[in-house]
Amino acid sequence: MTQPKIQSSKINSNQTQSVGNTEQMNDAITTANGLGEGDTITISIQKDITLDKNFYPIDTKAKVTIQPNSALIKTCNLDGNHQFRGFVILNGIVELQNLTLNNMVTIGPDGCMGAGGALFVAHHTHQYTPVVHLLNINFSGSKAQGGNS
């Protein structure tokens with residue numbers, strides 16, 4: 001008697017993760033980075049955030065939406081405190097909505113460029129190319145500065 005063939009099918013993930021500080025944002029980005037093609041995650045910001053470290057780079061095959069929780073706030077301020085960089089997008093389909101990216105800074109190593117400041121979209125040798133959509137995004141007081149020498 002032959003065994004029936006079992007066909008495996010992937011069920012795509014569609015999830016929302018709420019964040020209210022830098023650590024929670026980085027946890028949500030880590031979750032997004034573990035998702036695959038066809039998966040989606042909405043990172044729902046609960047309040048304004050002043051960064052206390054850099055956001056992790058986004059490097060995923062999933063669709064990532066980062067936006068305020070519209071039931072609580074209509075727009076959200078993410079402030080780099082003149083010390084920390086904003087979003088680095090290496091891969092994925094990323095949509096940023098209703099955000100103000102304030103006072104974010106990237107300083108490159110000696111002899112190199114500083115890239116991004118508030119937002120850096122890279123093009124690497126990944127199988128996929130990042131796609132970024134910006135909807136109602138304001139940039140204020142951010143800079144990318146090359147290193148010394």
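The tour below moves from strand to strand.

This is a predicted model in which local features need pLDDT of at least 70 and side-chain atom pairs count only at pLDDT 80 or more, while totals for chains, interfaces and linings use all residues. Residues are numbered from 1 along each chain as its sequence is written, and side-chain values use heavy atoms, with hydrogens and water left out.

Select residues 14–19, strand β1, which pairs with β2 in the parallel sense over six bridges; strands here are DSSP runs of E with at least two residues, helices are runs of H or I with at least four, both numbered from the N terminus, and two strands pair if DSSP finds at least two bridges between them. Within this pair, T16 stands opposite T42 of β2.

Now select β2, residues 40–45, which pairs in the parallel sense with β4, residues 58–68, over six bridges. Here T40 stands opposite K63, and the bridge partner of T42 in β4 is T65. Five of the six residues of β2 are buried, that is, under 20% relative accessible area with a 1.4 Å probe and protein chains only.

Finally, select residues 87–102, strand β6, which pairs with β4 in the parallel sense over six bridges, with V64 opposite V94.

Notes. Buried < 20%, exposed > 50% of the residue type's maximum accessible area, 1.4 Å probe, protein only.
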